[in-house]
Amino acid sequence: MTNPASQKRSANHLASSASDAKRSKANGSITSFFGAPKSKPVDAKASSPALSGAKQKWIASLTPEQKELLKLEIDTLDESWLVQLKEELVSPEFLNLKRFLLNEKKSGAQIFPPENEIYSWSRHTPLHKVKVVIVGQDPYHNHNQAHGLAFSVRPPTQAPPSLVNIYRGIKVDYPSFQPPPNKGGLLTPWAERGVLMLNTCLTVRAHQANSHANKGWERFTQKAIDAVARVRTRGVVFLAWGKPAGNRVAGVNRQKHCVLQSVHPSPLSAHRGFFDNGHFRKTNEWLAERYGADGVIDWSLTSKEKTDMPSPNIKSPSVSVGESKPSAEKTEPQPSETSTVSKATESAKVSDEFEEDDDVFKEDPDVLEALMMDPVLN
């Protein structure tokens, strides 16, 4: 029989070792603080062995037309999302969306992102691993841009203006942050660390910003946001930049989740408070309270980067943060690095006009940014 006193000494030793390890981690660099992404799911509701069987049963329940229309979802939507969204997939609204997209394809229209990347967000960030949600709007509509993650672009495309401003915002919170080499804009490392970057619309016609708006994607992606708020019971940080994104998270339970809102990082509005909103540091402080030190997001995008640890002097938001106060520093809109002087001048002129007079572009700055980036139109 085991000696009770021996058991007690063993338990005390384990507790002491865990405490020492925790103190050691807290005193290290942010790279050691963040550590490598954990393979263990955040929730116990990770991929279940029965899920594939449930998927097969669901597929068997579909009509032949539904199977044809939903082939992309069956083949490429991660099962963790499929199990939560399967009822929406067979709704009349979503099936009509798929009919519309099928007709677009038959007409010869070029659609972005590429078909196999429309749901890449679901595979890079399975539902049970989501800790942060960044809400975008319209996908970029030119080659090597949209690939299924909001704000992210494929190389060799350089980071769009809004993403450049996002980098600047991170650097305010973490001064040692360095943007990716070659002015890159690929954000898959964030996605794999639990940052869901979800656009409101998931497809767009080539060179036609907002061309697939109000066709059904908005309802589907709202269901995805609702699924995060419902399933991720330990809590998630929602980053809503701009009024359209704010509308998407209006129904999120602020007692369970953290909602951080501010102006959009677009050059149209970033100077009105985006750079000093502190969202990246506040996100990590809130996550550290809920998940512990291992639960924070490493915002670095370079392999050798060491980012500062969250400061204990800044209080984390208890429930939500509303519109950020305008920054004392005036930040001029930033044209694309590849723009000519005449193009930059024209973009600034267009931006001023939209900012003052056009509610459509004030409400959806992603549309204007996509137009500014399009070499066909510029």
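In helix 9, the residues Ile166, Gly169, Ile170 and Asp173 meet His279, Phe280 and Arg281 of helix 13; contact here means heavy atoms within 4.5 Å, and helices (H or I, at least four residues) and strands (E, at least two) are DSSP runs numbered from the N terminus. By class, this contact of helix 9 with helix 13 has three nonpolar, two polar and two charged residues, where Ala, Val, Leu, Ile, Met, Phe, Trp, Tyr, Cys and Pro count as nonpolar, Asp, Glu, Lys and Arg as charged, and the others, Gly among them, as polar. The structure is a predicted model, in which local features need pLDDT of at least 70 and side-chain atom pairs count only at pLDDT 80 or more, while totals for chains, interfaces and linings use all residues. Residues are numbered from 1 along each chain as its sequence is written, and side-chain values use heavy atoms, with hydrogens and water left out.

The axes of helix 9 (residues 161-173) and helix 13 (residues 279-291) come within 7 Å and cross at roughly 60°. Helix 9 is therefore oblique to helix 13. Axes are lines fitted to C-alpha atoms, for helices over the stretch in contact, and angles run from 0 to 180 degrees between N-to-C directions; under 35 degrees counts as roughly parallel, over 145 as roughly antiparallel, 65 to 115 as roughly perpendicular, and the rest as oblique.

Buried residues in helix 13 include His279, Phe280, Arg281, Trp286 and Tyr291, with buried meaning under 20% relative accessible area, exposed over 50%, and partly exposed in between (1.4 Å probe, protein chains only). Just after helix 13, Gly292 takes a positive phi of about 90°.

The loop between strand 2 (132-136) and helix 9 holds His147, which counts as buried because its relative accessibility is 0%. Beyond residues up to four places away in sequence, His147 touches several residues, including Pro113, Glu117, Arg154 and Thr188. Thr188 belongs to helix 10 (residues 188-192) and is likewise buried, at 12% relative accessibility. The C-alpha atoms of Thr188 and His147 are separated by 10.0 Å, with the two residues 41 apart along the chain.

Backbone geometry supplies further landmarks. Most residues other than glycine have a negative phi, and most peptide bonds are trans. A cis peptide bond joins Phe112 and Pro113, with omega about 0°, and the bond from Pro155 to Pro156 is cis with omega near 10°. Lys183, in the loop between helix 9 and helix 10, has a positive phi of about 55°.

For the protein as a whole, there are 16 helices and seven strands, and buried residues make up 49% of the 378 residues. The average pLDDT, the predictor's confidence in each residue from 0 to 100, is 78, and 67% of the residues score at least 70. It stays under 50 over residues 13-49 and over residues 306-363.
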